[in-house]
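Reader: I am new to this structure and would be grateful for a close look at one part of it. Please describe a pair of strands and what surrounds them.

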Amino acid sequence: HRDLPYGWEVAIENVVDASHVAVTHHNMISNRYTDPAPLEIAWERKLTQRDGFKFRMKNLRPKQGSENTISTTEFRPPCMVHNRATATSGSSTTLLLYFSPTKPGRCRLLVSFL
């Protein structure tokens, strides 16, 4: 786990942003200057207070080797974000994130890679 110096609402908004990986993880798993590309985004489940939301993204200018990879981002209130990237072969990478408020303006992040 990791304690973050901002509230859970800011943390969740950050990780569900479609541009999060290319911008936030610059020089770790992407490059914010060369990797950003147009995204095709479609709702799989529109926002409701009870069920959150889910959308799917496809990079319209993918890196070589990740053509036709579909990513989904799902938010389940009050604190779960589920990201999955699925290749055309059927293999996938899943990231589960849980954000727990610890005090005003702070939260704890629990992460699981599957």
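**The pairing of E6 and E7**

Author: Strands E6 and E7 pair in the antiparallel sense over eight bridges; strands (E, at least two residues) and helices (H or I, at least four) are DSSP runs numbered from the N terminus, and two strands pair if DSSP finds at least two bridges between them. The model is predicted, so local features need pLDDT of at least 70 and side-chain atom pairs count only at pLDDT 80 or more, while totals for chains, interfaces and linings use all residues. Residues are numbered from 1 along each chain as its sequence is written, and side-chain values use heavy atoms, leaving out hydrogens and water.

Two residues lie between the strands of this hairpin, where Gly105 takes a positive phi near 80 degrees. Leu96 has Ser112 as its bridge partner in E7. E7 also pairs with strand E1 (residues 2-4), in the antiparallel sense over three bridges, and there Cys107 is the bridge partner of Leu4.

Thr94 has its place in E6. Thr94 is buried, with a relative accessible area of 4%; buried means under 20%, exposed over 50% and partly exposed in between, with a 1.4 Å probe and protein chains only. Beyond its neighbours within four places in sequence, Thr94 is in contact (heavy atoms within 4.5 Å) with residues including His82, Ser112 and Phe113.

The largest nonpolar core has 15 residues, and Leu4, Leu97 and Phe99 are among those with the most contacts inside it. Such a core is a set of buried Ala, Val, Leu, Ile, Met, Phe, Trp, Tyr and Cys residues joined through side-chain atoms within 4.5 Å. E6 (92-103) and E7 (106-113) each supply at least two residues of this core.
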